[in-house]
Structures are given as C-alpha cells and as structure tokens.
Amino acid sequence: MTTHSPAATDNRRLESLDLLRGLDLFMLVGLQPVIVSACHVAGISHPLAGQLDHAVWEGFTAWDLVMPLFLFMTGAAIPFAMSRYLKPGASKADAWRRIGRRVAVLWLLGMIVQGNLLGLDPGRFYFYTNTLQAIAAGYLIAAATMLTVPRRYHAAVAAGLLALMAIPMSLHGDFSPQGNLPYLIEEAVMGSDRGDSSYTWIWSSLGFGVTVMLGMLAGEILKAADTPRPRKALRLATVGAALLLAGWLWSFETPIVKRIWTGSMVLWSGGWCCLLMGAFYYIIDCRGTRLRAGWLKIYGMNSITAYMLGETINFRSIVHSLTFGLQPHIGPWYDTLLTAGNFAVLFLILAWMHRDRLYLRI
C-alpha cells in the first residue's frame, strides 16, 4: 500500500465524497422510481417499500434523507473549493463573484426544473420551490460564513442560525400542516405561487443553511492535514451520533417534519449524513477499500447534470418507441419497463460524459 503525507493526500478530491454523492443521485433519478413502480404493480405495501417515499408529515424515512444529504455534501465540498478560490494571488472579491455566480445559476436551474421557464406559463411561475434553490440558499449562507467568520466560530454560527429558525417556531407552537409558522410566512409572502403547498422554503432557508453548514464543518474535519484519517472518521461518527441523540430528544418538543425543515429534523438528518460520510470516508479513503461501486462516480461527479436530466427530460418516449411491442405481453409491468429504460438512457448519457470527462461545473 502506498502512503501519502497528510498535506498531499487530504487536499485532493475525496473519492468517498464522490461515491456518496453518486449514491444519493442514483437513488433519486434511478433506483427509487424503478422500485416504487415495481412495488405498485406487484401491490407490495411492505414497510421497506414505505421507506422509499416521504413521510406524510411527522416522522422520517430513508427517502427523506436524499435532499438533506444533497445539501450536506454541498457543504462538505466548500472548504476544498474555498482553498482554490483563495489561493495565493486571489482576492475575496473573486471568491464572492464565484459564489454569486453559483447561487444565480443554481437558482435559475431550479426554476427550469419546476417548469417555470420551460413551461412558458406565467401561472406556474414559482419563484422558490425547488431543491436546487434550497441548495443555493444554504450554500450562500455557508460560503458567506466561510469567507467572513473565523473557522473556530463556524459551529457557533450554525447553532445561532438553528436557534434563530427554531425558537420562533417553538413559541408559535403549532406544527400542523397549515398552522405552522413557516407555512403562514410562505402564504403571506408568496400567496398561491408556491407549487406544492405542503413544503415551505422562505423560513426554512435558515435550516437549509444549517444543513449545508453541518456539511461544511464535516468538510473542515476531512480537510485538516494534521489529523490522522481514522481519527477524522471517528470524529464524524461521534458528531453524527451526538446529532442523532440531540434530534431525537428535541423531537419530543418539536416534531421531525422534513416538509418544513424543523430544527429536530435538521439535527436528525445531519446525524445520519455525518455517519454516512464517516463510514464512506473510513472504508474508501482510510482503508483504501476498492468497492465495486466506482460506477457511482458517474453520478457523483456530474450530480447537477444527473439531477437536471432526471427531472426535466422524459426518456420514456425513447424506450416506448423501441419496446412498444412488448406491452401486450407484459401488461402492467410495461410501466416499470419504461421507468427502468428511462433510468438506463440517463445512465448511458452520464457514462459517456464521464468517459470523456465532460462535467457540468457551477
């Protein structure tokens, strides 16, 4: 086994981060739609199948972790990106321009995903209703903190933002679907231009920022050149366990509700994100284990492309054109075939881009 100095190794691109991000996107645009379709056709309502759908309101499923993990990994990459933005000779003004450009592009892409721009329908112009826009808001908060606040205060800033978001919600005291504080703020500011009315975005932006900052704090742990790698993995596991405990205890006062991004949900999901990041880092970057999962980097290194293609382009029509003769023979399973084919076409596009090193960088 070849050894590397901490400084030389811990500043390179983390394979574990790419693979974990790839797993997240694979679940989002590939595996989950196929499994859900198959379970629907087979009439399966097993609790395991229920983990591939969002909690109706209170509670937390495996599928509810997809979006927080996306935000968390955005934050985990910030310390590594900032070291490039602020390399010798660069100014903070350059870093601010990069941040502003990234926020603007993510916001615009989020509007495209929601159909606001491609639909050409003013009646569907939802200004802030998409995961990419949540990432943009959280990234802006975390990156601004990285640029303006000394590192030793980052955890305190995250805790302060969490308190700023959660205390008014607790004082309001109503966590029902249409009586909670984020919902009332959303109605007052955005009215009917909200898309899915069960989700909130404006007040929840503070929570998005905390989730991205938890990822940023994890990235700072991973980037530290003076800490042995196994100790970094242990720190992430310890932090993850502490966040899970804190989120569980808090849930007795404030329920875990992903749709309005409650404080207990921030800690609970952040705990799982830390544990997953620590496990992937230990297995892949510490032990050097070569999993048969390198194909996940096809998603992980082109995550924005995977998300945009998966959410905006329906490749089922291509699959239908090639397989329509099978429909009479497989009956209701034809829909599952179309869903799996849609995923396969998307994978082939991403694989071609990965082979030719074509990546969408923002």
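Colleague: Which helix gives the most to the lining of the largest pocket?
Modeller: H5, with six residues. Please keep in mind that this is a predicted model.

Colleague: And which helices each supply at least two residues of that lining?
Modeller: Helix H2 (15-42), helix H4 (66-76), helix H5 (78-85), H6, H7 and helix H14 (303-312).

Colleague: What volume does the largest pocket have?
Modeller: Its volume is about 750 Å³. The lining comprises 31 residues, and those closest to the centre are Arg 13, Ala 77, Arg 84, Arg 102 and Arg 361.

Colleague: How does the lining divide by class?
Modeller: There are 17 nonpolar residues, nine charged and five polar.

Colleague: Which residues line the largest cavity?
Modeller: Among them are Met 67, Tyr 199, Trp 201, Phe 208, Lys 258, Arg 259 and Trp 261. By class, six lining residues are nonpolar, two polar and two charged.

Colleague: Now the surface. Which residues form a nonpolar patch there?
Modeller: Leu 108, Leu 117, Phe 125 and Phe 127 do, and together they have about 350 Å² of accessible area.

Colleague: Where does Phe 125 lie?
Modeller: Phe 125 is in the loop that runs between helix H6 (92-113) and helix H7 (131-148).

Terms used:
Residues numbered from 1 in each chain as written. Predicted model: local features only at pLDDT ≥ 70, side-chain atom pairs only at ≥ 80, totals over all residues. Heavy atoms only, no water. Patch = residues over 30% accessible without salt bridge, like charges linked within 9 Å, V, L, I, M, F, W, Y side chains within 5 Å. Areas by Shrake-Rupley, 256 points an atom, 1.4 Å probe, with all protein chains shown as cover. Salt bridge = Lys/Arg side-chain N within 4 Å of Asp/Glu carboxyl O. Helix = DSSP H or I, 4+ residues; strand = E, 2+ residues; numbered from the N terminus. 1 Å grid on protein atoms, 1.4 Å probe; cavity = no way out; pocket = protein on both sides within 12 Å on 5 of 7 lines; lining within 4 Å. Points joined across faces, edges and corners; volume = space filled by probe spheres on them. Nonpolar A, V, L, I, M, F, W, Y, C, P; charged D, E, K, R; others polar.
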